[in-house]
Amino acid sequence: MAEKLIVSSSPHIRSGVTTRKIMLDVIIALTPAAIASVIIFGFKALVLILCSVASCVLSEYVCRKVMKRENTIGDLSAVVTGILLAFNVPVGVSPFIVIFGGIAAIVVVKQMFGGIGQNFVNPALTARIILMSSFPAQMSSWNAPFYYLHSTDAMTTASPLGILKEGASGTMPTLLNMLVGVRAGCLGETCAVALILGGIYLVVRGFISPAIPLCYIGSVAVISLIAGRNVLFDLLAGGLLLGAIFMATDYATSPINLKGKIVFAVGAGVITMLIRIFGQLPEGVSFSIILMNLLVPHIERLTRPRAFGKERVKVED
């Protein structure tokens, strides 16, 4: 026989979708929020985004070289990590702090566990927590929107969640301002309209399921309502939309099946609100997603769908 029987492991049917294409679409989805951050916080926002991306890409390149592994910077995942990390820092931080965060995200969280798809927590969020612990003053100092138009760069203010939680001095922004991003906060979390547009784009392209963002945001809304808080304020303040749309939906650190996604998202929403209501920190999105990342293997095991044609085993007394 001229042709031999070819035996290989699954998958046997492949689509044309590659990691590079998915990451390119994520970058496109993040672009409106990046543009909004530059408009609201000035040219330095662009500098921080570029520094973060450059540090992540360079760290991945060097790390793969040192580990004698195939280089993967072409899949653009390091670029996405760099943008998301920059979105999670205030505009007042030094670029060197962002570069340090990029190195931690790529080398410690991603490459030391095998690279893309092998990390068990979100690299950008873990790096943010590292930066919050290492540089608490810089990571909690917020510049007012359009501060660069004024005579001094030292125009700082409190974040909306800080005003609510700690009674910090400052004027609460209107809901309209919170919707369009005219409020203090991290670079990529302030403009809700830009984040929602990016989320719709990814859902329409079929690269994320709406289950996690909707269940995460919905659980926050329900708990906020029960607690007697301002629901719209809780949804628009902090990094909820950024986390629910772009961080909690990370393929490597979120469940695969629908039941698992729902459990994961509701758990993240509950933890977020518990931290906001009872914790010392005004925000809880980063910690809630990281904690649920750690539970993903157990969620997957408990919500594993039954194989087609296989009867459920009855447990007899």
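This is a predicted model: local features need pLDDT of at least 70, side-chain atom pairs count only at pLDDT 80 or more; totals for chains, interfaces and linings use all residues.
1. Cysteines. A disulfide is a covalent bond between the sulfur atoms of two cysteines. The structure holds 0 disulfides. A pair of cysteine sulfur atoms would have to lie within 2.5 Å to count as one.

2. C56. For C56, the closest cysteine sulfur belongs to C51 and is 11 Å away, so the gap is too far for a bond. C56 is also buried, with a relative accessibility of 0%.

3. C186. The closest cysteine sulfur to that of C186 is in C191, at 15 Å, which is again too far for a bond. C186 has 0% relative accessibility and therefore counts as buried.

4. Largest pocket. Rolling a probe the size of a water molecule over the atoms shows where empty space is left. In this model the largest pocket holds about 550 Å³ of space. Its lining is made up of 26 residues. Those nearest the centre of the pocket are M23, I116, D250, Y251 and A252.

5. Helices at the pocket. At least two lining residues of the largest pocket come from each of α1 (19-41), α3 (77-87), α5 (123-134) and α12 (240-247).

6. Nonpolar surface patch. Which residues form a nonpolar patch on the surface? They are V108, M112, F113, F120, L291 and L294, and together they have about 560 Å² of accessible area.

7. V108. This member of the patch sits in helix α4, which covers residues 95-110. The relative accessible area of V108 is 42%, so V108 is partly exposed. Residues in a patch need over 30%, and V108 at 42% is partly exposed.

How values were computed. Residues are numbered from 1 along each chain as its sequence is written. Side-chain values use heavy atoms; hydrogens and water are left out. Patches are made of residues with over 30% relative accessible area and no salt bridge: like charges are joined within 9 Å, nonpolar side chains (Val, Leu, Ile, Met, Phe, Trp, Tyr) within 5 Å. Accessible areas come from the Shrake-Rupley method with a 1.4 Å probe; for residues, only the protein chains shown count as cover. A salt bridge is a side-chain nitrogen of Lys or Arg within 4 Å of a carboxyl oxygen of Asp or Glu. Helices (H or I, at least four residues) and strands (E, at least two) are DSSP runs, numbered from the N terminus. Buried means under 20% relative accessible area, exposed over 50%, partly exposed in between (1.4 Å probe, protein chains only). On a 1 Å grid over the protein atoms alone, a cavity is a set of points where a 1.4 Å probe fits but cannot get out, and a pocket is an open set with protein on both sides within 12 Å along at least five of seven lines; lining residues have an atom within 4 Å of a point. Grid points are joined across faces, edges and corners, and a volume is the space filled by probe spheres set on the points.
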